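Let's take a walk through this structure together, starting with the overall picture and then going into the details. Have a look at it first.

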Amino acid sequence: MSGETQTSAEYIKHHLQNLTYGQLPDGSWGIAHSAEQAKEMGFWAINLDTTIIAFILGAIFLFFFVRAAQKASAGVPTGLQNFVEWIVDFIDTSVRGSFTAKNDMVAPLALTIFAWILLMNLMDLVPIDYLPLAAHAAGLPFLKVVPTTDPNATFGMSIAVFVLVVFYSIKMKGLGGFVGELTLQPFGKFGLPANIFLEGVNLIAKPVSLALRLFGNMYAGEMIFILIALMGASWASATFGSTLLFGSQIVLSLGWAIFHILIVTLQAFIFMTLTIVYMDMAHQEHH
Amino acid sequence: MNINATLLAQTIMFIMFVWFCMKFVWPPIMQALTERKKMIADGLAAGERGKHELELASRRATESMHDAKQKAAEVIAQAEKRASQIIDEAKNAAKEEGDRLVAGAKAEIEQEVNRARETLRQQVADLAVAGAEKILRREVDAKAHAELLTSLKNEI
């Protein structure tokens, strides 16, 4: 709880609001202090918490992996190198399993997606009030700790993947081939409008489903953490009821956190695997 | 939960990370992994080869040991044969020598006996002559009766 006078609804809303930087109604630039203000900023505003945390996590990932890569040798691996190689080998196996064409970019892409999303998702396991409270003490009105609960982050990645898919589709099949795939299947050239509609939906569904799946899972998970956290907030006196609630919060958040480890990893893995599959489809002549 | 410029920031960041990963992280690690795989494969192959060679060498060792044993047995047999041969030869030589010695001794004895007989005969003859001289009391002319005496000697 970041304030004594908050109601449950306020607490939830507070936790779901990003720290947004943009143009305030009076024309100056600054941090939005309420959800309405953040909304009014329109498109040209930036969620500082999402961006910065995502960047830090990405940097951590690359820092450790680059260190391991520099020390990498054919000798006996130890410590960090061992761990990194284990992950790299795992990604490499996944890519080899689903991606049949030859493209040196797909495996690093998959690795980045997996590691970055995993780290961003893992922020969910930090007790939900710690970082927002620290931010509050530093004078920031909001802090949403998990970048993947911000659709901007998930759509950002899925759009990048989508661009790559379209790019490689055109590169491998030529513009004609790509357009042909969109317009001449599955009903032949006389069913062209239906083809465009079906294939268009098919194409657009890829980034949307990628982004929304991750976002939805993480958002729901975060929501449940918030609700569990609310139980303990009803601690008022050492009555039986409030003690029971307090105890349940500890047990439930532990249980949910342990279960969430699975979701966190699974979602990162799903995003990665689907990306590999989409890239593979982009490289196939016929599908 | 508004869609705003964070979307762009995230996209750019993502592309940056992927590029970085592709440039600096993936290739060296993959190279190390591939090299190690090759090293392990080589090591296993070398081990296999070593095992094979060991097998060959032990087979060779067994063979040469067998040969050596056979040769040693041959040598021993030959030596035994030679030893018995030498013993036989020595036996024969000793026997011959013994025979020779015995024959020599026999001849000497014979000679000695002959000589003794001759001497005895002479003495007997002399004795007989002396006896006869005494009996006849006259000197017998040795020269005149040499023939007689000699035939007498031979008769004794």
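For chain B, the average pLDDT is 89, and 94% of the residues score at least 70. As a rule, where pLDDT is low, the predicted coordinates should not be read in detail.

Let's stay with chain A for a while. Reading from the N terminus, its elements go α-β-β-α-β-α-α-α-α-α-α-α. The C-alpha trace of chain A spans about 70 × 55 × 40 Å along its principal axes. Of the 287 residues in chain A, 36% are buried. If you take the contacts in chain A with a separation of 6 or more, 65% of them are between residues 24 or more positions apart.

Now for the strands. In general, strands of a sheet pair through backbone hydrogen bonds, either parallel or antiparallel.

Take the two pairings in turn. Strand 1 of chain A is joined to strand 2 (residues 29–31) of chain A by three bridges, and the two run antiparallel. Here A:Gln23 stands opposite A:Trp29 in strand 2 of chain A. These two strands form a hairpin with five residues between them, and in the turn A:Gly27 has a positive phi of about 95°. Turning to the other pairing, two bridges link strand 1 (residues 20–23) of chain A with strand 3 (residues 46–47) of chain A, again antiparallel. Across this pairing, A:Thr20 has A:Asn47 as its bridge partner, while A:Tyr21 stands opposite A:Ile46.

Among the helices, helix 5 of chain A is worth a stop. Helix 5 (residues 106–122) of chain A has 17 residues and reaches 24 Å from its first C-alpha to its last, close to the 24 Å expected at 1.5 Å a residue. Of those 17 residues, 16 are buried, so helix 5 of chain A is largely enclosed by the rest of the structure.

Chain B has its own look. Its secondary structure comes to two helices and zero strands. The C-alpha atoms of chain B fill a box of roughly 195 × 20 × 20 Å along the principal axes. The radius of gyration of chain B is 61 Å, whereas a compact globule of 156 residues would have one near 15 Å. Of the 156 residues of chain B, 10% count as buried.

So where do the two chains meet? The contact takes 43 residues from chain A and 28 residues from chain B. On the chain A side, the elements that give two or more residues are helix 2 (35–40), strand 3, helix 3 (48–71), helix 4 (79–98), helix 5 and helix 7 (151–183) of chain A. Helix 3 of chain A gives the most, with 11 residues. By class, the side of chain A that touches chain B has 30 nonpolar, nine polar and four charged residues.

Notes. Residues are numbered from 1 along each chain as its sequence is written. Chains are lettered from A and ligands numbered from 1 in the order in which they are written. This is a predicted model: local features need pLDDT of at least 70, side-chain atom pairs count only at pLDDT 80 or more; totals for chains, interfaces and linings use all residues. Helices (H or I, at least four residues) and strands (E, at least two) are DSSP runs, numbered from the N terminus. The expected span of a helix is 1.5 Å times one less than its number of residues. A residue is buried if 20 or more other C-beta atoms lie within 10 Å of its own, exposed if 12 or fewer, and partly exposed in between; C-beta atoms are placed from the backbone. pLDDT is the predictor's confidence in each residue, from 0 to 100. Two strands pair if DSSP finds at least two bridges between them. Two residues are in contact if their C-beta atoms, placed from the backbone, lie within 7 Å. Ala, Val, Leu, Ile, Met, Phe, Trp, Tyr, Cys and Pro count as nonpolar, Asp, Glu, Lys and Arg as charged, and the others, Gly among them, as polar. The radius of gyration is taken over C-alpha atoms; the globule rule is 2.2 Å times the number of residues to the power 0.38.
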